[in-house]
Amino acid sequence: MNYKMMGKFMGKIIIVEAIFMIPSVLIGLWDRDFTAVGAFLATIGINLAIALLLHFFCKNSKDIFFAKEGMACVGLSWLLMALLGCLPFFFSGAIPNFVDAFFESASGFTTTGASIMPAVEGVSRAVLYWRSFTHWLGGMGVLVFLLAITSVGGRENGFTMHLLRAESPGPSVGKLVPKMRKTASILYLIYVALTVLDFIFLLFGRMDVFEAVCTALGTAGTGGFGVRNDSIAGYSSYIQNVCTVFMLVFGVNFSLYYLILIKQVKNVFKDEELRMYVLMVVGSIALIVWNLKGFYETFGETVKHAAFQVATIVSTTGFASTDFDQWPGFSKAILFFLMITGACAGSTAGGFKCGRALLLFKGMKRSVQQVVHPNKVQVVRLNNHAVDEKVLQGVNAYLAAYVVIFIVSFLLVSLDGFSLITNISAVSACFNNIGPGFEAVGPTCNFAGFGIFSKLILILDMIAGRLEIFPILVLFSGATWRHR
């Protein structure tokens, strides 16, 4: 295990986090909120001190990096970011309990949006901005950002690919262009452009500039932290519709946007995962509208709320335009299904991913055909390309790990004594990076009622879900830390 290389890289991650706290300092100075300014300056100082120590002890690192270092480095980096990122909440007094602050920070970086804060409208704007910005930074991934802006050293195939694979969502990860750094740059340029476009459309709806910034950051990262107590419910229908569209946009694989940029539009429409995503969204909206007949005053209002909630759940954003916990059981069952499935691989959304679900269906179909024709060679194809057997094995392993972690987390969280639906939806909301669940953790409630132990379990679920499980499992494997 190349500990020095890992330490050197994590030092850079911590510096990036400190730099991104500077806008919160400026907002605090503008508002003359010196408590918040002091909290952020203290956190920046701690970050820089840790980064300097890591640089000092790891400056003579060997330029060798393998898969297990990549997985471990990503897992440790995200835990460290969440721990350091919670300090402004704690130091400013916005969240006086450290575990609660850690929960809020982890929820932000993992783009979960599950909160322990009962009210946010009285909280410092500097803190609210940082709370929303953690979504944006975590959406595409801070390691991908670092790969995009700087040369981080290491062998091209033995370093950056391991990091990108560990942090990027989906059953398989590849390069858009031959150079990994350029791939990361392209992804972030698309991400920034779509975020700015969302911000502009929100301004057209006469949204306050600060609120538009925070909402765009939360939408882009598919996070869901709002700056109002009622999330998005108090805004106009125009703003809610803009959020609906962009939540769905950020749930699409970003490589498809790259294909559009290089004028390969036909390949976009041929993408099987995109087709499944669109069909799932349209079908869910139609079924919920049918089930909600008479629930709202007009048909248009019904469609608006159904489309918004489908978009926010399938993209794992977690905004709310209405209290969907009051909906009929069938509509809530559809939302629960969307919680687990999530959106497309290669997007900023969480969940199991449409790509994995599609490969599971195709693998199941092949297994049935092999029973009927045992001597016939069956190849699983996606977008007319044969899928590598290692990818299929990885999907099956992911499903097994997903089920085991879900069950264990559910059992441990159940010790707090909440109802079955509350516990299942809480684990599902955190593990799939959704945000709100049902009943005691519904859209009008929060996670503050859980005990410290349950919150720590849910924090691990959030990080494991965002990092696609294995980088966190690697940290708990003895083989990771043994010498070669």
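Predicted model: local features only at pLDDT ≥ 70, side-chain atom pairs only at ≥ 80, totals over all residues.

Trainee: How many cavities of 30 Å³ or more does the count give?

Mentor: The count comes to two cavities of 30 Å³ or more.

Trainee: Now the open spaces. What is the volume of the second largest pocket?

Mentor: The second largest pocket has a volume of about 500 Å³. It is lined by 30 residues, and those closest to its centre are Asn 229, Ser 231, Pro 443, Thr 444 and Cys 445. The lining has 13 nonpolar, 13 polar and four charged residues.

Trainee: On to helices. At what angle do α1 and α3 pack?

Mentor: Take the angle and the axis distance together. Helix α1 covers residues 3–19 and helix α3 covers residues 34–58. They pack at about 160°, with their axes 8 Å apart. Angles over 145 degrees count as roughly antiparallel, so α1 is roughly antiparallel to α3. Their crossing is left-handed.

Trainee: Which residues make that contact?

Mentor: From α1, they include Gly 7, Met 10, Gly 11, Ile 14 and Ile 15. From α3, they include Ile 44, Leu 48, Ala 51, Leu 54 and Phe 57. By class, the contact has 11 nonpolar, three polar and three charged residues. Lys 4, Lys 8 and Glu 17 of α1 are among the contact residues.

Trainee: How do α15 and α18 cross?

Mentor: Helix α15 (residues 272–291) and helix α18 (residues 354–372) have axes that come within 9 Å and cross at roughly 105°. The range 65 to 115 degrees counts as roughly perpendicular, so α15 is roughly perpendicular to α18. Glu 272, Glu 273, Met 276, Tyr 277 and Met 280 of α15 make the contact with α18 residues that include Leu 358 and Phe 361. The class count is seven nonpolar, one polar and three charged residues.

Trainee: One last pair. Where do α12 and α16 touch?

Mentor: Geometry comes before residues. The axes of α12 (residues 237–249) and α16 (residues 299–314) come within 9 Å and cross at roughly 35°. The crossing is left-handed. Contact residues of α12 include Gln 240, Cys 243, Thr 244 and Met 247, while those of α16 include Lys 304, His 305, Phe 308 and Ala 311. By class, the contact has seven nonpolar, six polar and one charged residues.

Notes:
Residues numbered from 1 in each chain as written. Heavy atoms only, no water. Axes fitted to C-alpha atoms, helices over the stretch in contact; angles between N-to-C directions. Helix = DSSP H or I, 4+ residues; strand = E, 2+ residues; numbered from the N terminus. Parallel < 35°, antiparallel > 145°, perpendicular 65-115°, else oblique. Left-handed = near helix turned anticlockwise from the far one by under 90°. Contact = heavy atoms within 4.5 Å. Nonpolar A, V, L, I, M, F, W, Y, C, P; charged D, E, K, R; others polar. 1 Å grid on protein atoms, 1.4 Å probe; cavity = no way out; pocket = protein on both sides within 12 Å on 5 of 7 lines; lining within 4 Å. Points joined across faces, edges and corners; volume = space filled by probe spheres on them.
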